[in-house]
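Work through the exercises below with the model open beside you. Try each task before you read its solution.

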Amino acid sequence: MELTYGLFICLLLWGSTELCYPQPLRLLQGGTSRPETAVQAVQPIVVECREATLVVTVSKDLFGTRKLIRAVDLTLGPEGCEPLVSTDTEDVVRFEVGLHECGNSMQVTDDALVYSTFLLHDPRPVGNLSIVRTNRAEIPIECRYPRRGNVSSQAILPTWLPFRTTVFSEEKLTFSLRLMEENWSAEKRTPTFHLGDAAHLQAEIHTGSHVPLRLFVDHCVATPTPDQNASPYHTIVDFHGCLVDGLTDASSAFQVPRPRPDTLQFTVDVFHFANDSRNMIYITCHLKVTLAEQDPDELNKACSFSKPSNSWFPVEGPADICQCCNKGDCGTPSHARRQPHVVSLGSSSSARNRRHVTEEADVTVGPLIFLDRTGDHVMEQWALPADTSLLLLLGTGLAVVACLTLTAVILLLTRRCRTASHPVSASQ
């Protein structure tokens, strides 16, 4: 009887605890349990960052469900580059593209060149069917290259970098835009957010031996891809430094005071585009500098909107430089969604001592990935350690055993009560 009862419990808790399996269980990717001796699952995506190319290898069992994806449903980057030719019998799909191909974006940080792109899986019905059996997914991909030293034994070719970056290197004038932790003490470790959070952004200009400069955020736009001209888009900063995102129900604002003249910090209440399943955005800002000794004006300012006072106020300078934010007209047309141009800083005498300097640049940060508190719980479960997941399964199993035991006790007591209330006489 005990064996039968134990077998019943084992069937009920099949694969959930160690009670019915002689080997320890380990939760693998995909949420399935296997013995400790099981072969480890194959990596779904492998990225190889080479000197001038990016190689991405994708397992056809991308989601670990044994529902194989098709190569024609995979593309790389905003320009939708197609994979290398492969046969149906191969288990993987491969991409090999140049670092500057497929619409890949490049960001210059303090110590690295960062190339960003994404792998898109967009399943389409096969033949005359109107259904798909795999999910649409967009996976961000990054390649980081150290800026100090030569990582190749070959000769350095200066033309492989964009002209803008080459000028920065010569003049030691580098723009950057980074996601920061809430206390601004360090760069944010993960790009994930929930709706209701605030993104902390820090723009900087590294001047090297240059004269002291003051940095301004002239214009910022959010798009679902690294292309700042993509649609849909949402304007965050406009009119030469007006943080217009704070006019709505958001609390977006510049931080006052700024840490240094060459640094400007601001917060943006996170959002995602409606009817866009990617749940990610890229923020591209047009940064520019002036001489630190130059007073801020309508074309060079950092203004936030105060809802309590229903007015604009600057990070520095007189308050009237922000009045044009109300009119939406702050001088010459904004540099919104344009490419940077090269101009000269300083007097003619200083221009003889240095070549032209790029005093404006478009810098992109992203992707910012948004986790819906109800819809993306599966992604958060993937981040659980294996031990935690096993404890959850064990707790669930024990709860089921307790419920069954309680039910059995109640049934036994009920039978005894009925027997006691209907005694059998000796004559019968």
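**Exercise 1. Aromatic pairs**

Task: How many aromatic pairs does a search of the whole structure find, and what is the geometry of the Tyr115 and Tyr145 rings?

Solution. The search of this predicted model finds 5 aromatic pairs. Rings of Phe, Tyr and Trp (its six-membered ring) pair if their centres lie within 6.5 Å. Planes under 30 degrees apart count as stacked, over 60 as edge-to-face and the rest as tilted. For Tyr115 and Tyr145, the ring centres are 5.8 Å apart and the planes stand at 85 degrees, so this pair is edge-to-face. Next, place the residues. Tyr115 is in strand 8 (residues 112-121) and Tyr145 in strand 9 (residues 137-146), so the pair ties together parts that are 30 residues apart in sequence. Strands (E, at least two residues) and helices (H or I, at least four) are DSSP runs, numbered from the N terminus. Both Tyr115 and Tyr145 are buried. Buried means under 20% relative accessible area, exposed over 50%, partly exposed in between (1.4 Å probe, protein chains only).

Two notes on the values. This is a predicted model: local features need pLDDT of at least 70, side-chain atom pairs count only at pLDDT 80 or more, and totals for chains, interfaces and linings use all residues. Residues are numbered from 1 along each chain as its sequence is written, and side-chain values use heavy atoms, with hydrogens and water left out.

**Exercise 2. The nonpolar cores**

Task: Which residues of the largest nonpolar core touch the most other members?

Solution. Start with the term. A nonpolar core is a set of buried Ala, Val, Leu, Ile, Met, Phe, Trp, Tyr and Cys residues joined through side-chain atoms within 4.5 Å. The largest has 36 residues, and Val217, Phe254, Phe266 and Ile283 touch the most other members. Elements that give two or more residues to this core include strand 10 (174-180), strand 12 (198-206) and strand 16 (263-269). A second, separate core has 21 residues, among them Leu74, Leu99, Leu113 and Tyr115. Now take Phe266. Beyond its neighbours within four places in sequence, Phe266 is in contact (heavy atoms within 4.5 Å) with residues including Leu177, Trp184, Val217 and Phe254.

**Exercise 3. Gln107**

Task: Is Gln107 buried or exposed, and what lies 2.7 Å from a polar atom of its side chain?

Solution. Locate Gln107 in strand 7 (residues 105-108). Its relative accessible area is 11%, so Gln107 is buried. The backbone oxygen of Leu177 lies 2.7 Å from a polar atom of the Gln107 side chain. Beyond neighbours within four places in sequence, the contacts of Gln107 include Leu177, Val363, Thr364 and Val365.

Terms used. Polar contact = N/O pair within 3.5 Å; in protein donor to acceptor, adjacent residues only side chain to side chain.
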